[in-house]
Amino acid sequence: MKTILRAALAAAAAAGLVSPSMVTAQEPPAQEPALTERQAQTVDRLIDAGLEDDLAWEILESLTTEVGPRLGGSPEEARAREWGVQELKRLGFKNVRIETYEMPYWARVSESVEIVSPFPQPLAVTALGGSIATPEGGVSGEVVHFRTLLELQAAPDTGLEGKIVFVDEPMARTQDGSGYGTAVRKRSQAAVEAGKRGAVAALIRSAGTDSHRNPHTGGAVSGGGKTAVPTAALSNPDADQLARAIERADEPVIVKLDLQVETAESVTSGNVIGEIPGETDELIVIGGHLDSWDLGTGAIDDASGIAITTAAAKLVGDLRGKPKRTLRVVMWGAEEVGIFGGKAYAEAHKDEMDKHVLAAESDFGAGRIYRFDTRFAEEEVAKAKVFEGALRRLAITPGNNMAYGGADIGATRDMGVPVVSLRQDGTDYFDLHHTPDDTLDKVDPEALRQNVAAWAAFLYIASELEGDFGRLPVKE
């Protein structure tokens, strides 16, 4: 009867006999997205299970112990891929495979820096990824001190010939890691700016927040490029030491830098993929990156992300019956040295991007998740409230609709796939990031379990919620 009445009113409004507002008044209010009672109970059970589950720790311990450091494109990364295949099969994932691609290769061979005069002493240093080598025996030159990258960029085009540039810009400690975006620019630009001005090498203060004599490595260039001049990072205490030496000296401070590296134009890397098949061929893609820098064992960056997402997917897969959507776990390769795995994945799966309904990566260590961000199409943003409500018992607060999602899903996001970010507390992350201190003992098992619980709840809701999350604008 209500349907007949609405139809009659609509016809009358079209004929001008009644106000259109009378039709609108008869329309039922739009229903807010919500979980059924059964689904809500399942979410609670998954969270309870995640908070007691030690599978993520077992995966993390296995990868960091049995493989250890795994530089992108290296034989160690190849061993990590085989480990990933065996692990996913052991846990019951289906369609497990390696998707390979080619990439350029860079690795450090040796590195040293010392103050030659007037205060002779060695300093703790590490080569930055993509750095060219010095000539055999190293290069020496007067150090020119710049407090920030901006100071170097504002320097005259001449006057640094034969000298060594030192960019001393510090990094701010923040919970969300936002200080890194500013600090890391010197890592990619110092060698460029130094080379433009005739310098023979560049040194930077590490992009990190610790006070240990552990220099932070990282890519100085992306996509397999090479720096303009040899470039390396000093640990924060050694950057302080060099700055004090320059301030105290009554004469130019002379430094000698010796970097030797190994390169190859093309080596094979790959992504490891496993799935929990759903009732449909719609895909939710999650994971972390399998490679790491070579100084530590890559426990927080990013074996933790591999462990968290794999364990969470396994919890959902262990529920009775299939998830509605297929859960695809990807262990992306070679992220650190140029995001090669993420780009290769998007290219290999571009013809099925319409089946990708959501993507997310865990790549910020193992700190507790404190916020949930989305990037849904505007018409689907209301669905974020469903996730937010379910995650509140884990002390996770609502975020915004500007989620980054992760470096490895950047190319997938650019093809229109919605993403989410489960934001982790990164207050201490850059104490360890890209250093020898990135080891298993730095991971808090309780925080790791909280991550698994949150990811399991997120995955289940994303699979079961009616409708999709829209499409994002495609980046040209």
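Reader: How many helices and strands does the protein have?
Author: In this predicted model, the protein has 15 helices and 14 strands. Its C-alpha trace spans about 95 × 55 × 40 Å along the principal axes, and 56% of the 476 residues count as buried.

Reader: Why is His434 called buried?
Author: The relative accessibility of His434 is 5%, and buried means under 20%, so His434 counts as buried. His434 is placed in the loop between helix 14 (429–432) and helix 15 (445–464), and has a positive phi of about 65° although it is not a glycine.

Reader: Why is Ile339 called partly exposed?
Author: Ile339 has a relative accessible area of 27%; buried would need a value under 20% and exposed one over 50%, so Ile339 falls in between and is partly exposed. This residue, too, has a positive phi, near 55°, and Ile339 is found in the loop between strand 10 (326–332) and helix 11 (340–348).

Reader: Why are helix 3 and helix 15 called roughly antiparallel?
Author: The axes of helix 3 (residues 37–50) and helix 15 come within 7 Å and cross at roughly 155°. Angles over 145 degrees count as roughly antiparallel, and therefore helix 3 is roughly antiparallel to helix 15. The crossing of these two helices is right-handed.

Reader: Which residues meet where helix 3 and helix 15 are in contact?
Author: From helix 3 they include Val43, Leu46 and Ile47, and from helix 15 they include Val452, Ala453, Ala456 and Ile461. By class, the contact of helix 3 with helix 15 has nine nonpolar, three polar and three charged residues.

Reader: What makes up the largest nonpolar core, and which element gives the most to this core?
Author: The largest nonpolar core has 76 residues, and those with the most contacts inside it are Ile286, Leu358, Phe387, Trp455, Phe458 and Leu459. Helix 15 gives the most to this core, with 12 residues. Apart from this core lies another, of 34 residues, among them Met103, Ile164, Leu242 and Val253. In soluble globular proteins, nonpolar side chains tend to be buried together.

Reader: Which residues does Phe458 touch, not counting residues up to four places away in sequence?
Author: Phe458 touches Ile286, Leu358, Ala360, Phe372, Phe387, Val420 and Leu422. Across the protein, residues 24 or more positions apart account for 82% of the contacts with a separation of 6 or more.

Conventions
Residues are numbered from 1 along each chain as its sequence is written. This is a predicted model: local features need pLDDT of at least 70, side-chain atom pairs count only at pLDDT 80 or more; totals for chains, interfaces and linings use all residues. Side-chain values use heavy atoms; hydrogens and water are left out. Helices (H or I, at least four residues) and strands (E, at least two) are DSSP runs, numbered from the N terminus. Buried means under 20% relative accessible area, exposed over 50%, partly exposed in between (1.4 Å probe, protein chains only). A nonpolar core is a set of buried Ala, Val, Leu, Ile, Met, Phe, Trp, Tyr and Cys residues joined through side-chain atoms within 4.5 Å. Contact means heavy atoms within 4.5 Å. Axes are lines fitted to C-alpha atoms, for helices over the stretch in contact, and angles run from 0 to 180 degrees between N-to-C directions. Angles under 35 degrees count as roughly parallel, over 145 as roughly antiparallel, 65 to 115 as roughly perpendicular and the rest as oblique. A crossing is left-handed if the near helix is turned anticlockwise from the far one by less than a right angle, and right-handed if clockwise. Ala, Val, Leu, Ile, Met, Phe, Trp, Tyr, Cys and Pro count as nonpolar, Asp, Glu, Lys and Arg as charged, and the others, Gly among them, as polar.
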